[in-house]
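This briefing goes through one structure topic by topic. Please look at the sequence and the 3D structure first, then read on.

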Amino acid sequence: MLRSVHRTTSAARIAQLAKRYSSYASSVFPDEPSVPQLKTEVPGPIGTQLNTNLGDVFDNRAAYFVTDYYNSIGNYISDADGNKLLDVYMQIASIGLGYNNPALKQVAKSDEMTTALINRPALACFPGVDYQKVLEDGILKAAPPGMTKVWTATTGSDANETAFKAAFMLQAARDRGSRDFNQQELISVMNNEAPGASEKCILSFDKAFHGRLFGSLSTTRSKAIHKLDIPAFPWPKAPFPALKYPLKDFENENKQEENRCLEQLEDIIVGKGKGNIAALIVEPVQSEGGDNHASASFFQGVRDITLKHNIFMIVDEVQTGVAATGKFWAHEHWNLSTPPDMVTFSKKFQAAGFYFRDPELQPRQAYRQFNTWCGDPSKALIARTIVQEIEANNLVAATASVGDYLFNNLSSLFEKYPGHASNIRGQNMGTFIAWDSPNADHRAKFLLACRAKGVNIGGCGEAAIRLRPSLAFNESHADVLCGIIENVLGEM
Ligand SMILES: Cc1ncc(COP(=O)(O)O)c(C=O)c1O
């Protein structure tokens, strides 16, 4: 039985609205539900039992619900009890084309995928005959402006750490000039000591999130619980602007705040970080840290400072990349006078790695940027299909457009509930939209109430709610989402 999930906007009205829009989703997911379908509580009895059993062998304490991936479709995630929820969280922002996308299914069934999957290569030593073409037709086809090279990795954290290594090795090579490694370096490095082990560092920003492996975790500054008990590099942290909303009412204050942060960044670089900072890493929107935005001119300021002080600028597009912000890469919104030195990716691309432009960022000796797999051709094939689907269906423009629609509708909606939702952000940033709950408890209640009405949605930072729908999300999904949000806020 389909349970009604709408109070102010009826399911029938939403289904009617849904019909008005023809889109990528309607052509590739003709069987996608038009509204959430709820049969039980979420999680229901089957899912609860499966999760209890799973807990015997796997740490499942973060599980929202057990998912039926076989029956998830497009923008709708199915749980083990057959409930179908509109998913605007999409596996922590990592499903680009919707669940069970037919183009991905097709490549999954191809001979080239079978070959890639069952003969997983050690790519740096035994690259396949077609790896260059797969990269050129996919990951490299989507390279950010000014970038022509890529190093592939396995996860977002790994992408960032390989970029850090590239930065450290090139900075050291430049300091060393034409000479080779010396005895002192070769001996000291085996004791984890300078000068062989670099004393340079990576600068990151307050509230940043760049991953949870040892190196990346030292640049992560979003939540203490991520870092506690893990050894950390003593690397510097610069302030990230805390903007006030609505932006148009706080132009001067926000400008001052961004200038303050830029000044402090430069103070750190010329002060205790002098000569020591190999690279700076920054997210276009600090996602895990609360969806914190800054203006294009702030990022241009960061770029200018890095160029002035010979610090590499790494833009972490692990969460912002692949069309979600209405540009393929979010940093394209900045119109930088000089492109960043490296751009890291993962999540919605399924494949991970970093793009770069200076060929010297490839270390002078082989085997230094290295591990067994160095990426995964099967993921490069998936990434290729993702690029092709985005191009063929204009999904960058479509996401920009549905994002505007959603932002406007949510803004109007929140005006009715000022005590429950504030600081909406992400205007002109596609569907990369977020807002704040008054506090963490309120947010938890809001998220659970949304789930109970058939929307899977995520939080970030202390009390923010973030939208991370797929690129197959259209105006009809936006209407369903806004209808349910309105119902939930009305009941809170
Ligand atoms: C901006 C950013 N960088 C890096 C990462 C780490 O990626 P992974 O979890 O794949 O290691 C994340 C993950 O959420 C992220 O949002």
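Helix α6 and helix α14 (residues 377-392) pack at an angle of about 150°, with their axes 8 Å apart. This is a predicted model, in which local features need pLDDT of at least 70 and side-chain atom pairs count only at pLDDT 80 or more, while totals for chains, interfaces and linings use all residues. Residues are numbered from 1 along each chain as its sequence is written.

**Helix packing: α6 and α14**

- On the α6 side the contact is made by Glu112, Met113, Ala116 and Leu117, and on the α14 side by Pro377, Ser378 and Leu381; two residues are in contact if their C-beta atoms, placed from the backbone, lie within 7 Å.
- By class, this contact of α6 with α14 has five nonpolar, one polar and one charged residues.
- In these classes Ala, Val, Leu, Ile, Met, Phe, Trp, Tyr, Cys and Pro count as nonpolar, Asp, Glu, Lys and Arg as charged, and the others, Gly among them, as polar.
- Helices (H or I, at least four residues) and strands (E, at least two) are DSSP runs, numbered from the N terminus.
- Axes are lines fitted to C-alpha atoms, for helices over the stretch in contact, and angles run from 0 to 180 degrees between N-to-C directions.

**Helix packing: α15 and α17**

- Helix α15 (residues 395-415) packs with helix α17 (residues 475-491) at an angle of about 20°, and their axes are 10 Å apart.
- That angle makes α15 roughly parallel to α17; angles under 35 degrees count as roughly parallel, over 145 as roughly antiparallel, 65 to 115 as roughly perpendicular and the rest as oblique.
- The crossing of α15 past α17 is right-handed; a crossing is left-handed if the near helix is turned anticlockwise from the far one by less than a right angle, and right-handed if clockwise.
- From α15, Val402, Tyr405, Leu406, Asn409, Leu410 and Leu413 meet Glu475, Ala478, Cys482, Ile485 and Glu486 from α17.
- The residues of this contact of α15 with α17 divide into eight nonpolar, one polar and two charged.

**Helix packing: α12 and α13**

- Helix α12 (residues 251-270) and helix α13 (residues 296-308) have axes that come within 10 Å and cross at roughly 15°.
- Their angle makes α12 roughly parallel to α13, and the crossing of α12 and α13 is right-handed.
- Glu258, Leu262, Leu265, Glu266 and Ile269 of α12 make the contact with Phe298, Gly301, Val302 and Ile305 of α13.
- In the contact of α12 with α13 there are six nonpolar, one polar and two charged residues.

**Surroundings of the ligand**

- The ligand is surrounded by 14 residues, and the closest are Gly156, Ser157, Gly211, Val318 and Gln319; a residue is near a molecule or strand if its C-beta atom, placed from the backbone, lies within 6 Å of it.
- Helix α8 (residues 156-176) supplies three residues, the largest share of this shell.
- The shell around the ligand divides into two nonpolar, nine polar and three charged residues.

**Two residues in loops**

- Ala330 lies in the loop between β7 (312-316) and β8 (342-345).
- Ala330 counts as buried because it has 27 C-beta neighbours inside 10 Å; a residue is buried if 20 or more other C-beta atoms lie within 10 Å of its own, exposed if 12 or fewer, and partly exposed in between, with C-beta atoms placed from the backbone.
- Apart from its neighbours within four places in sequence, Ala330 is in contact with Pro284, Val285, Glu317, Thr320, Gly321 and Thr325.
- Ala330 and Gln319 are 11 residues apart along the chain, and their C-alpha atoms are separated by 9.6 Å.
- Cys125 is in the loop between α6 (111-118) and α7 (131-137), and Cys125 is exposed because it has 11 other C-beta atoms within 10 Å.
- Cys125 and Trp373 are 248 residues apart in sequence and 9.1 Å apart in space, C-alpha to C-alpha.

**Backbone details**

- Most residues other than glycine have a negative phi, and most peptide bonds are trans.
- The peptide bond from Val42 to Pro43 is cis, with omega near 0°, and Pro43 is in the loop between α2 (24-28) and α3 (45-54).
- The peptide bond from Ala194 to Pro195 is cis, with omega near 5°, and Pro195 is in the loop between α9 (183-188) and β4 (201-205).
- Lys207 is not a glycine but has a positive phi of about 70°; Lys207 lies in the loop between β4 and α10 (214-219).
- With 21 C-beta neighbours inside 10 Å, Lys207 is buried.
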